[in-house]
Amino acid sequence: MLVNLNDVLKPAREEHYAVGLFNTCNLEFARGVIAAAEETQSPVIIGTAEILLPVASLEEMAEMLIPMAKRASVPVVVHLDHGLNAETCKKALELGFSSIMYDCSTDPYDINVQKVAEMAKLAHSYGATIEGELGHVGNNPTSVEDETDPSAFYTEPGEALDFVTKTGVDALAIAVGTAHGAYKLPPKLDFQRIREVAGTIDTSLVLHGGSGLTDDDFRKAIDEGISKVNIFTDINMAAAKAAHDGYANGSVLLTDLQPMMVEAVKQATIRKMKVFRNM
């Protein structure tokens, strides 16, 4: 069934588990994620990010993901991750996405608030939810934090309260020591900061840059107040490895490789769901 973030994150916050957002860019990814959710009877968030749209357009992803979500036997949120432009976010809402993220985190604070507040009103008019970001979660290996003190970009609890009050976001991505993509060195999460932000606001908290963290990192972050975790690199690598290994073992047709990719994504998703206690 198609739902929005509030439908799945409010129970997660109350019961101290997290729901994964598993970004997708083709049918194999989508089938694997949905199959994992249905096998475990767990809610799930599935979607795409603006950076992935050159691989598959927003229209193509909407046509695929929204009907799959509606047919699913479990709650499924169809989410636009890291919408960087207002027009992309508006298009996702028009196409039927049940949730969007409008990422204005690199803008000055007042501009971030203004732009996200305006988008929140629009998203809510569609019955959709919206996620914002405060602080900045950079990219590996060349994030904006690399040559400075990373903590300078972390989310401040008081500012988080001001931000959610002024914008009306339904979820807030916070910067606490993670980065997007594959890690060269292990990240160091600021668990105390997660606890402080969670104790200051009622809004569901989101951890970006989740691929590469240890299971203990995830569990502790969830214990401290994280309700949503974004995953892409892990399932992307699982699908690529399945295709590579299948080809190396003599499966030279794509139609032979596709079921292997679906199964690999499914198993990688289930592994994360178990860690997130979302099953």
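Gly158 and Thr165 are exposed on one side of helix 6. The buried residues of this helix, which spans residues 157–167, are Pro157, Ala160, Phe163, Val164 and Thr167. They cover an arc of only 115° around the axis, and therefore lie on the same side of helix 6. An α-helix has 3.6 residues a turn, so residues three or four places apart point the same way. The cover over the buried residues of helix 6 includes helix 5 (109–125), strand 6 (129–134), strand 7 (171–174) and helix 7 (191–200). Just after helix 6, Gly168 has a positive phi of about 75°.

The mean pLDDT of the protein chain is 92, and 91% of its residues reach 70 or more. Over residues 140–147, however, the pLDDT is below 50, and this stretch has 15 contacts in the model beyond near neighbours in sequence. The pLDDT is also below 50 over residues 180–184, a stretch with 19 contacts in the model beyond near neighbours in sequence. Where pLDDT is low, the predicted coordinates should not be read in detail.

Of its residues, 19–23, 5 of the 5 are buried, so strand 2 is largely enclosed by the rest of the structure. In a regular strand the side chains alternate between the two faces of the sheet. In strand 2 both faces are covered, with Val19, Leu21 and Asn23 buried on one side and Gly20 and Phe22 buried on the other.

The pairing of strand 2 can be followed through two partners. Strand 2 pairs with strand 9 (residues 226–231) in the parallel sense over 4 bridges, and Gly20 stands opposite Val229 in strand 9. Strand 2 also runs parallel to strand 3 (residues 44–49), to which 3 bridges join it. Ile45 in strand 3 is the bridge partner of Leu21. Between strand 2 and strand 3 the chain passes through helix 2 (residues 27–40), and this β-α-β crossover is right-handed.

The loop between helix 2 and strand 3 holds Gln41. Gln41 is a residue other than glycine with a positive phi, near 55°. Its relative accessible area of 51% makes Gln41 exposed. Another positive phi in a residue that is not a glycine belongs to His82, at about 50°. His82 lies in strand 4 (residues 76–83) and is buried, with a relative accessible area of 12%.

Leaving aside neighbours within four places in sequence, Phe276 is in contact with Tyr17, Ala18, Gly20, Phe22, Phe218, Ile222, Val229 and Ile231.

Glu15, in helix 1 (residues 5–15), is 212 residues from Ser227 in sequence, yet their C-alpha atoms are 9.5 Å apart in space. Glu15 is exposed, with a relative accessible area of 54%.

Note on methods:
Residues numbered from 1 in each chain as written. Predicted model: local features only at pLDDT ≥ 70, side-chain atom pairs only at ≥ 80, totals over all residues. Heavy atoms only, no water. Helix = DSSP H or I, 4+ residues; strand = E, 2+ residues; numbered from the N terminus. Buried < 20%, exposed > 50% of the residue type's maximum accessible area, 1.4 Å probe, protein only. Pairing = 2+ DSSP bridges. Right-handed = clockwise from strand over helix to strand, strands pointing away. Arc of directions from axis to C-beta. Contact = heavy atoms within 4.5 Å. pLDDT = per-residue confidence, 0-100.
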